[in-house]
Amino acid sequence: MRYEIKGGSFPVLMCSLNDSESICCQRGAMSWMTPNMQMSTTGNGLGKMFSRAISGESIFRNKYTATGGPGEIAFSSTVPGSILAVEISSCKSIIAQKSAYLASVPSVEMNIFFQKKFGAGFFGGEGFIMQQFTGDGTVFLEIDGSLIEYELAAGQSLILDTGYLVAMDATCSMNIESVGNGGLGNVIFGGEGLFNTKVSGPGHVWLQSMPVPALANSIRPYISTNN
């Protein structure tokens, strides 16, 4: 499979497949394709369907296969932002936020990932349940806004506001940190809530500049509620 990510703030993932080659995607993600792309819908078993449901994805995945020759298929981002391609292997798996998944080769597996630390899941804003991608091949994730990347060494950390984490290597860890270290006034008047997410290395971290909730809050004052 060959792929190209085109566009600016509204990117599209264009994949060229050889005969009999396949790609999987979230239900409803396909934008356009050549006529010889054949679709099949599968849940891959009750366990996989349950995992996807509680991780924020559709319980079904669509699989598109080129038949009778090479084919092309395109997937568009659902919000203004970017599309991230990550290579997964036996030596590299990643943990991603819920609803980040766009598409992947069939050899990449998506499973639920439970936060081991109660505080990180309950107060950190990323939730108890995230997505873990394992296997061998390419997975494509949706990014809200622009993509920023960091490589954290062992012992290095980043403090993130809620929703800005897209994904991290499975070698990274997540915890919470109170914003009240500078006093009660920081909590009451700072506007950042009670807790931030702390991501620690070693490993790679992918961040997004404009999470959908932040985008919605920024435009809400300009939307009239009057008919």
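Analyst: Phe140 is buried, with a relative accessible area of 0%. This is a predicted model. The ring of Phe140 pairs with that of Tyr3. The two centres lie 4.9 Å apart, with 80 degrees between the planes. That angle is over 60, so the pair counts as edge-to-face. Tyr3 is partly exposed, at 35% relative accessible area.

A search of the whole structure finds 2 aromatic pairs. Tyr101 and Phe133 also form a pair. Their ring centres are 5.9 Å apart and their planes meet at 20 degrees, so this pair is stacked. It too links distant parts of the chain: Tyr101 sits in strand 10 (residues 101–104), Phe133 in strand 12 (residues 129–135), and 32 residues separate them. Both Tyr101 and Phe133 are buried.

Now the charged contacts. Side chains of opposite charge can pair when their charged atoms come close. The structure holds 1 salt bridge. Asp169 and Lys92 form it, at 2.6 Å from N to O. Asp169 is in strand 16 (residues 165–169). Lys92 is in the loop between strand 8 (81–88) and strand 9 (94–96). The bridge therefore ties together parts that are 77 residues apart in sequence. Asp169 has 11% relative accessibility, so it counts as buried. Lys92, at 25%, counts as partly exposed.

Key
Residues numbered from 1 in each chain as written. Predicted model: local features only at pLDDT ≥ 70, side-chain atom pairs only at ≥ 80, totals over all residues. Heavy atoms only, no water. Phe/Tyr/Trp six-rings, centres within 6.5 Å; stacked < 30°, edge-to-face > 60°. Buried < 20%, exposed > 50% of the residue type's maximum accessible area, 1.4 Å probe, protein only. Helix = DSSP H or I, 4+ residues; strand = E, 2+ residues; numbered from the N terminus. Salt bridge = Lys/Arg side-chain N within 4 Å of Asp/Glu carboxyl O.
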